[in-house]
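Please read them with the coordinates open.

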Amino acid sequence: MITSTTGPQPADFADVRATNLAVVLRFVREHAPCSRADIAASTGLNKATVSSLVADLIDRRLVRETGLTENRVGRPATMLVLDGSPYAAIGVEINVDTVSAVATDLAGERLLTWRRSFSGGESVNQGVAGVGAIIRRVVSRMAKEERQVLGLAVAVPGLVDVQGTVRIAPNLGWHDADLGGDLAKALRDPGFPIQVDNDANLAALAEQRFGAHAGASDLVYLTGEIGAGVILDGRLRRGGRGYSGEIGHVQLDPEGPACHCGRRGCLEAMAGIGAVLRRDLSPAEIQVEIEEVVRLARAADPATLATLESVGRSLGQGVSILANLLNPEVVILGGYYVPLAPWLLPAVHGELGHRVIAAEAGGCQVVASTLGHDAAALGGAARVLDSVDSGRLPGGLSRIP
Ligand SMILES: [Zn+2]
C-alpha cells in the first residue's frame with residue numbers, strides 16, 4: 001500500500017502505516033544493504049514517507065544504518081541493513097520423546113539449537129509442564145542476551161485446527177488440547193504471542209525461508225510419518241479448518257497393509273517409515289534401525305534394496321497425486337526420509353514420469369531436505385518472522401504524525 005505524508009489521510013491511517021512499515025522491512029530483508037532512495041524507487045513510496053518509515057524502524061531497532069556509503073551521482077547514501085539485535089524468534093517442535101527448540105534473530109541467524117528428552121505421552125498436562133520448562137529456559141537465555149522474544153510457534157505431530165487447538169496427536173495421545181492457552185498459563189502470560197501448528201506446516205515454512213529451495217512459491221514438505229505442509233502461491237495453505245495435507249491417509253490399495261487410522265492401504269502404511277522398517281518402533285529405535293537400513297543399502301543387500309524400491313514406488317504414487325493436484329515446483333522429503341533418499345528417489349522419479357499428466361512431471365522436483373531433524377522447530381521461528389514481515393511489529397507506532 002502506498003501513502004503520502006501530504007495527501008489525504010485515510011481513516012485507517014495506523015493500519016496503512018503498519019502495512020508500509022512491513023513493506024519497507026521486507027524490502028530491507030531482501031535487498032540489504034540498500035538506501036532510502038532504493039526503497040522509494042522500488043516500492044513507489046515517496047521519499048519523505050520512506051524517511052519517516054525508516055526512522056520508525058530504526059527506533060524499533062529493526063533496521064540500522066551501516067555507515068557504508070555508495071558512490072552515486074550526487075551525495076553518497078547511507079546504507080540500511082536489518083538490525084534486530086534486541087530480538088529473538090523461538091520455534092519448538094514436540095515429538096514423542098524429544099523436544100527441539102530453535103531461536104533465531106530477526107535476520108534468521110541461529111541463536112540457539114537445543115534438543116531435550118521429553119516424556120509428554122502420559123497426558124497433556126504433563127506434556128505442557130515439560131515443554132513449558134524447556135521454553136522458560138530458552139526465554140531466560142534470550143533475556144540474558146537482552147533480547148525481547150517476538151513470538152513462539154510450537155510444532156505438533158497431529159491435526160491442529162486454525163485456532164491452534166491440537167485436535168488429535170495420536171503419537172502423543174493428546175486430543176482437543178488448547179496447547180497455546182495452556183502454555184501461556186504455564187509461562188505465566190509471557191507477553192509474546194504463542195502459535196501452535198502442525199509439524200509439516202512449520203517445516204514447509206522453514207524450507208520456504210531457509211531451505212535449499214528458499215523463495216519457491218509452490219512447495220510441499222513431506223514428513224516420514226507422512227504429513228504434507230503445502231505452500232501455494234507463496235502462502236501456507238491450511239484449508240478450511242486447518243486439516244489440509246493429510247496425504248498419508250489417501251488410500252493407494254484397498255487390499256494393502258493395515259494403517260494406524262483403521263483403514264487399509266493408506267500411503268502412510270505403504271510408504272511411511274513403518275513400511276521401511278516393517279514394524280512399529282520407538283523414535284530412538286527408529287533412528288538406530290534407519291542407520292542399519294542405510295548400512296545394508298550401501299552394501300547392496302538385495303532384500304533391503306527391494307524394500308526401498310517398493311517403498312519408493314508407493315511414495316512416488318503419493319507424490320504424483322500432489323504433482324497432478326497442486327503442480328508444486330518442489331516436493332521436499334524431510335525427517336526420516338532424508339538418509340534414505342538416495343535409494344527412494346529413483347523409484348519416486350520413475351512413478352512421477354508415468355503418473356503425472358503434464359510433461360516432465362509439471363516441472364516438479366523431488367529432493368531431500370537439507371535442514372536436518374529440527375526443520376519444524378526452525379519453521380516455528382520462521383512463522384514468527386513471517387508475522388513480523390506481515391506487519392506485527394514489536395513496539396508502539398511512535399512516529400505517527
Ligand atoms: Zn490411514
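1. Basis. This is a predicted model, in which local features need pLDDT of at least 70 and side-chain atom pairs count only at pLDDT 80 or more, while totals for chains, interfaces and linings use all residues. Residues are numbered from 1 along each chain as its sequence is written, and side-chain values use heavy atoms, with hydrogens and water left out.

2. Zinc donors. The zinc ion has as protein donors His249 through ND1 and Cys259, Cys261 and Cys266 through SG, at 2.0 to 2.3 Å. Donors here are N, O and S atoms within 2.8 Å of the metal (3.2 Å for Na, K and Ca); water is not among the atoms, so sites may look incomplete. Along the sequence the donor residues follow the spacing H-x9-C-x1-C-x4-C.

3. Zinc geometry. The arrangement is tetrahedral because the 4 donor atoms subtend angles of 105 to 120° around the zinc ion. For four donors, that label requires all angles to lie between 85 and 135 degrees. The ideal angle for four tetrahedral donors is 109.5 degrees. Cys259 counts as buried at 9% relative accessibility, and Cys266 is buried at 1%. Buried means under 20% relative accessible area (1.4 Å probe, protein chains only).

4. The β8-β9-β10 sheet. These 3 strands form an open sheet in that order, with antiparallel pairing. Its edge strands are β8 (159-160) and β10 (174-177), each of which pairs on one side only. Strands are DSSP runs (E, at least two residues), numbered from the N terminus, and two strands pair if DSSP finds at least two bridges between them. β8 and β9 are joined by 2 bridges, and β9 (residues 166-169) and β10 by 3 bridges.

5. Val166 stands opposite Ala177 in β10. The hairpin of β8 and β9 has 5 residues between the strands, and there Gly164 takes a positive phi near 90°. In the hairpin of β9 and β10, with 4 residues between the strands, Gly173 takes a positive phi near 75°.

6. Gly158. Where does Gly158 lie? Gly158 is in the loop between β7 (148-156) and β8. With a relative accessibility of 11%, Gly158 counts as buried. Leaving aside residues up to four places away in sequence, Gly158 touches Ile168, Ala169 and Asn198, where contact means heavy atoms within 4.5 Å. The C-alpha atoms of Gly158 and Glu291 are 26 Å apart, with 133 residues of separation along the chain.

7. Strand β12. In β12 (residues 219-222), Leu219 and Tyr221 point one way and Val220 and Leu222 the other, and all are buried. β12 runs antiparallel to β13 (residues 228-232), to which 4 bridges join it, and a hairpin through 5 residues connects the two. Leu219 has Ile231 as its bridge partner in β13. β12 also pairs in the parallel sense with β15 (residues 330-333) over 4 bridges, where Tyr221 has Ile332 as its bridge partner.

8. Aromatic side chains. How many aromatic pairs does a search of the whole structure find? The search finds 0, where rings of Phe, Tyr and Trp (its six-membered ring) pair if their centres lie within 6.5 Å. The charged end of Arg116 does sit over the ring of Trp114, 4.5 Å from its centre. The criterion is NZ of Lys or CZ of Arg within 6 Å of the ring centre and within 35 degrees of the ring normal.

Conventions: Four donors count as tetrahedral if all angles lie between 85 and 135 degrees; four count as square planar and six as octahedral if opposite donors are over 155 degrees apart and all others between 65 and 115; anything else is irregular. Buried means under 20% relative accessible area, exposed over 50%, partly exposed in between (1.4 Å probe, protein chains only). Rings of Phe, Tyr and Trp (its six-membered ring) pair if their centres lie within 6.5 Å; planes under 30 degrees apart count as stacked, over 60 as edge-to-face and the rest as tilted.
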